[in-house]
Amino acid sequence: MTDAWIVGGSLRDELLGRPVRDVDVAVAGDPAGAARALAERVRGPVFRLSEAFGAWRVIDRRAERVYDFAPLQGDSIERDLRQRDFTINAMARAIELDALGAAGGEAAPLIDPLGGRADVDSRTLRVLGPGAYASDPLRTLRLARFAAELGFAPDPETERLTRAAAARVTDAAGERVFGELRRLVIADGVLAGLELADRLGVLDAVLPELTALHGVDQSDYHHLDVYDHTLEVLGQQLEVETRLDELFGPDAPRLRNALAEPLGDELTRVEALRFGALVHDIGKPATRDVRADGRVTFMGHDSLGERMVHDLCRRLRTSERFARFLAGLTRHHLVLGFLVHERPLDRAQVYRYLRRTAPVEVEVTLLSCADRLATRGRRADEATAVHLELAAELMTAALDWREHGPPRVPVRGDELADELGIEPGPELGRLLGELEEAAYVGDAGTREQAIALARRLRA
């Protein structure tokens, strides 16, 4: 008698012709033994995923596949499937446990009591009734994530049920909410997924800072309100990712390598940058003002946004590194735009830009391009061309800074203190900072030059 079934998304992806990297297995009985047996066959690690639900995971590194084993929910596979989220994930196929991890073989018939195969074919997201959301409120956000990843759309009844249950999504733990948001934001269809989440009220529950941007009008330098501008910035960010050669020329290979580096929270830097596009203007509603001449301003929205990002990340229980990354992007996304009016920049100005924006000097330079491209108000074409030209110049310096770090002052702090006859403290720190800038500019390349310059700075 067959005692295990492949279930859920792996069958859906197989039917769609998508790569199958994650395989869910429902086991009639204790899944621990089945997981350990597979781990021995594929010579991969095995570990418990959940004490509460008895789930185990096996990683097959050779096949680049992950297997999750869980006990059957209910007394039959059909009852198990009825407790899942959407019809497209409520299919199963019987498998012998000793066949897992092996290539070839004839597949058993598809078990599809709820019409999942038809919904896969019609690209429909259909929730398994209100009970599916009641048992796990995170599933309303998962609907938007599936829309972003698969390009599917919900049927009208699913939309109604999702809208009714949307507010309860925050009953789920913050890290689970962030996990779904992460997959939504890095999906190819992120804009469609966000539009659906916004329309059904899910986005307002999980990212109220973002939906608060609706209806916040801007100056005539913008053609959209802050919410639509933010989505346009994200769209331009996706476009910029494909235009690195055009925008940054010979620096494009280095830039791709920098953006592909892992940042944290299972995100690369370029993936995390998409979150930066979403949150960079969240401080605008609270800082909006209209001057006597009618001009709309948002003074201080960058610094307020920085604080709001930290609060948002605490709520979603992200890593501190990810929070600092987003906060840095938000705090410094305007800096390059102000420098446009000071061109051409000298080495000291370039140094101050890099020192101010580090450690997101590369990513915030790129984000500023997407932000500029999304601003199509008065005199937009002329301003955009100049901005992109300056961004390309600064990107070269930013990539050098990322690879080599800030310039090294050719004299240690204790040595400088001895030479000048001063105690360690704020004055010494200020002098070392000025010497670092001088080293970048080329005015303090040797120990003697640095000490002489420090004496002049004190005088």
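**Rings, a cavity and a sheet**

Mentor: The lining of the largest cavity is made up of ten nonpolar residues, one polar residue and no charged residue. The model under discussion is predicted.

Trainee: Which residues line the largest cavity?

Mentor: The lining consists of Phe178, Leu207, Phe275, Leu278, Val279, Leu312, Cys313, Leu316, Thr318, Phe322 and Leu326.

Trainee: How many cavities of 30 Å³ or more are counted, and what volume has the largest?

Mentor: The count comes to one cavity at that threshold. The largest cavity has a volume of about 60 Å³.

Trainee: Why is the pair of Phe178 and Phe322 called tilted?

Mentor: The ring centres of Phe178 and Phe322 lie 5.3 Å apart, and rings pair if their centres are within 6.5 Å. The planes stand at 50 degrees; under 30 degrees would be stacked and over 60 edge-to-face. The pair is therefore tilted.

Trainee: How do you know whether Phe178 and Phe322 are buried or exposed?

Mentor: The cut-off for buried is under 20% relative accessible area. Phe178 has 3% and therefore counts as buried; Phe322 has 2% and likewise counts as buried.

Trainee: Why is the pair of Phe275 and Phe322 called edge-to-face?

Mentor: The centres of these two rings are 5.5 Å apart and their planes are at 90 degrees. An angle over 60 degrees counts as edge-to-face, so the pair of Phe275 and Phe322 receives that name. This pair also links distant parts of the chain, from Phe275 in helix H15 (residues 269–279) to Phe322 in H18, 47 residues apart. Phe275, at 6% relative accessibility, counts as buried.

Trainee: What makes Arg145 a charge over the face of a ring?

Mentor: Arg145 lies 4.6 Å from the ring centre of Phe146, over its face; the distance limit is 6 Å. Lys284 is placed over the face of Phe298, at 4.8 Å from the ring centre. Phe146 also belongs to a cluster, linked by ring pairs, with Phe86 and Tyr133.

Trainee: Turning to the sheet, how do you know that strands S2 and S5 pair?

Mentor: At least two bridges are needed for two strands to pair. Six bridges join S2 (residues 22–27) to S5 (residues 65–71), and these strands run parallel. Val27 has Pro71 in S5 as its bridge partner.

Trainee: How many bridges join S4 to S5?

Mentor: Five bridges join S4 (residues 55–60) to S5, and the two run antiparallel. Arg57 stands opposite Asp68 in S5.

Trainee: What makes S3 and S7 edge strands?

Mentor: The open sheet has seven strands in the order S3-S4-S5-S2-S1-S6-S7, with mixed pairing. Strands S3 (46–50) and S7 (110–111) each pair on one side only, and they are the edge strands.

Technical notes:
Residues are numbered from 1 along each chain as its sequence is written. This is a predicted model: local features need pLDDT of at least 70, side-chain atom pairs count only at pLDDT 80 or more; totals for chains, interfaces and linings use all residues. Side-chain values use heavy atoms; hydrogens and water are left out. Rings of Phe, Tyr and Trp (its six-membered ring) pair if their centres lie within 6.5 Å; planes under 30 degrees apart count as stacked, over 60 as edge-to-face and the rest as tilted. Buried means under 20% relative accessible area, exposed over 50%, partly exposed in between (1.4 Å probe, protein chains only). Helices (H or I, at least four residues) and strands (E, at least two) are DSSP runs, numbered from the N terminus. A charge sits over a ring if NZ of Lys or CZ of Arg is within 6 Å of the ring centre and within 35 degrees of the ring normal. On a 1 Å grid over the protein atoms alone, a cavity is a set of points where a 1.4 Å probe fits but cannot get out, and a pocket is an open set with protein on both sides within 12 Å along at least five of seven lines; lining residues have an atom within 4 Å of a point. Grid points are joined across faces, edges and corners, and a volume is the space filled by probe spheres set on the points. Ala, Val, Leu, Ile, Met, Phe, Trp, Tyr, Cys and Pro count as nonpolar, Asp, Glu, Lys and Arg as charged, and the others, Gly among them, as polar.
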